[in-house]
Amino acid sequence: MLEIQFKIPYHIGVAGQALQWVGRINGSEMTFNLKPDDANYYWSLLLSVPGESTAELIYSYRVVQGDSIIRTEPPLVPHSLRLSLAQGETSGRIAIDDRWIDTTAEHRMSDAPLAELLGRTDLSRLRIPSFDTGSGDVFLIHSFQEYKGELLVVGADPSIGAWYPEKGLTLALSRKGYLLQFPKRVATEYKLVWRLPSGEVRWELGENRYYQPDDDGIFTFGHLDLPHFEGAEPMHRQLTGTAVPLFSLRGRHTQGVGDFTAATELLDWMQRTGQSVLQLLPIYDTTFTRTDRDSYPYSAITTYGIHPIYLDLRALPGFAEAPEKEEWLRTARALEAEPKVQFAKVLRFKEEVIECLFQRWNERPKSRQFSHFFRTEQAQLLPYALFCAIRDRYPDTLVAHYPYYAEVLLSWEKDKSYLGENLEEAVLRCAFVQYHLYKQLGQLVEEAHKRGILIKGDLPIGVARNSVDVWVEPHLFHLHLDAGSPPDAFSPTGQDWGFPTYNWAEMEREGFAWWRRRLQSMSRHFDALRIDHILGFFRIWSIPAGSGDASLGWYVPALGYTAEEVSGVADFCNRDEQGLYHPLMEPQQRKRYALLSHELKQKIAALSDDYYHHRNESLWRETALKRLTKVMTASDILLCAEDLGVLPKSIQEVLSSLELLSLEVLRMPKCLGKRFVEPQDIPWLSVLTTGTHDMASLRAWWASLSNSERQELAELYHFTDEVTPRGLVKALLREPRALLLILPLQDWFTLTGYGAEIDPQDEQVNIPEDPRHVWNYRVPLPR
């Protein structure tokens, strides 16, 4: 039997809080509580692994209070060890002198997908530390970079060079850093030495280190501080990129809307301008009404199926030899000549061509590649395909009135039909479309990686009420509530997005499997993700479904007030299903507010301040930590938060502790009293941008600024020449201030003047306060 003794120093001074070990042992998830010493400083845990000679451990530590997570190590950089009994042994003990892993931007820069772009070794590709009970003591040096040349241990004992660097012991680099394994269990002084490829030797700065082996003879795994060498401090390098809605792109052969081929053509320009990230808005299918209402990319009917509108028809089998080819190309050219995306017309045209080509393809034997895709994608493809079949059979019918998914699935499995109608062709058509969409997306990703460019996707916070997910797993949603946002700078009356809110309690009971599947699915094709409205993991603004009035909402979860607590001002609160009251975000908008006494106005102000800024802070922080730590460990994809809007105080603390990149928009400072985001307020682990698809373009925003505001920006960001939008972009490119600088494509145009003849107001992709807005922005036609 293998026994593993953990010991970690961590001071906890709050009664009721404790340290917890959470992770996997040989693939099995486990959680253990550690025991403190009398001073609540050293915490220990003895694990027994009966019947196993080897234990692979992937784990983290966290501070808990009851069921609440108070603090956690970064979830994507867990401790990783492979331990085993020495050959011939049937039992043994290993001591782990552990250390809490603190957050640092270096973790993200040393792992995929950023490491290679930053000129670093991708440590995630290296082996995890592996030892047996017969090994000499080993110490891990948490290094975030590979030292060019060699890292050595040189010390007084002859086994480590007798202070001669040329006789020192070379350290091995692992996934977690350099490993120092002493050849002999003998006390000795030592230092770490960096031998450069040129042969130059640099000794670490500071006092000598000292190794003192324990007398018990038990193999010990411990940790050492990172050495400091002259001239070895890593230089921070900023990566740049472009954010663009796929539908807006124009290519050499686009057919009225952008597609993956057009995005591939964009890569050439990005490579020439030294960019590293292509960020796309959501690409998933929104088809339900087949009208312009379906243009809203954040209202997807699926978290799996890509929108058929993004198919490059020319790449479909049979297109080149189709007798209708010239007619199709004439229609495509006419749609391409439009200044805006004619969403419904383009979709109708593409569906007609797809149907024609599919029918001809369906008469022929299927390729092995398609058969493999159809077979391996069944778990997510089939629910989506059956949904599309039911949607097309019952047009204008809401999902709430669809037959139950289980009923349709059972009928499909029996004879591939439903109520006497064969569904096989409809399912096969859907698979045909998705096969070619994923193939074209894969070609984009492959070409991007050849050029050293990452593809960043967009993870919407919600799904449409009429969607596959609501149909298949309705228990995961609160269908009586809509998600939205409270009144803010974007919309004085708030926003009702029309999405059902999540039944988080049910999701937690299922281990957040729905979210984890979603992340894993997107990780197959994207290198990074923007998490839309990450505030939804803290709390979501919940609005009675069908009301259409976001001001009637309240936060969930939240600690509301009782009727007694809001006595006299209950009309300035919204009441939830439990009968608790939640103060209005903007109570002065109610007509009766002006008639209230000064005392009642003061009471409303006090309740509102308490509710939004104090009473719920701990709840929101603990809620976000619980949800995000479980969800984000489903993949090692680079996660970037969209943390705009009415922010809880804990937002930066949570994002920092989980090493999630924040979003910093120049015109939306998070520090009160400032007009712009100032350079000193930008965390390195962030995405810096001039704007988002919900905002006016840089040119339009600039036109709204006064001369004094423009001058303030020029002084903050050290413009060197013109005080113009172009001067701002040049200044942001010149001085790195964030790990990623990603600008909307329209804002990149300010460097060249492309599209300058277009009214700047027409460059805005979305108007969030307009629920009927059509997402039809298109890159200007060349003059």
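A residue is called buried when its relative accessible area is under 20%, and exposed when that value is over 50%. These terms are applied here to a predicted model.

By this criterion, 55% of the 783 residues of the protein are buried. The secondary structure consists of 18 helices and 35 strands. The C-alpha trace extends over about 85 × 80 × 70 Å along the principal axes. Of the contacts between residues at least 6 apart in sequence, 72% connect residues at least 24 apart.

The accessible surface of the protein amounts to about 33700 Å², and carbon and sulfur atoms account for 51% of this area. The protein carries 83 positive and 105 negative side chains; the centres of these two sets are 4 Å apart.

In helix 7, which covers residues 405-415, the buried residues are Tyr 405, Val 408, Leu 409, Ser 411 and Trp 412. Viewed down the axis of helix 7, these residues lie within an arc of 165 degrees and therefore line one face of the helix. Such a pattern can be read from the geometry of a helix: an α-helix has 3.6 residues a turn, so residues three or four places apart point the same way. The face of helix 7 turned away from the buried side bears Ala 406, Leu 410, Glu 413 and Lys 414, which are exposed. The cover over the buried residues of helix 7 includes helix 6 (378-393), strand 22 (417-418), helix 8 (424-450) and helix 9 (468-472). Just after helix 7, Lys 416 adopts a positive phi of about 60 degrees.

Helix 16 spans residues 707-716, and its buried residues are Glu 709, Leu 713, Ala 714 and Leu 716. These residues are on the same side of helix 16, because the arc they cover around the axis is only 165 degrees. Asn 707 and Glu 715, on the other side of helix 16, are exposed. The packing partner of the buried residues of helix 16 is helix 15 (698-704).

Terms used
Residues are numbered from 1 along each chain as its sequence is written. Side-chain values use heavy atoms; hydrogens and water are left out. Helices (H or I, at least four residues) and strands (E, at least two) are DSSP runs, numbered from the N terminus. Buried means under 20% relative accessible area, exposed over 50%, partly exposed in between (1.4 Å probe, protein chains only). Contact means heavy atoms within 4.5 Å. Accessible areas come from the Shrake-Rupley method with a 1.4 Å probe; for residues, only the protein chains shown count as cover. Lys and Arg count as positive and Asp and Glu as negative; His and the chain ends are not counted. The place of a charge is taken as NZ of Lys, CZ of Arg, CG of Asp or CD of Glu. The arc is that of the directions from the helix axis to the C-beta atoms.
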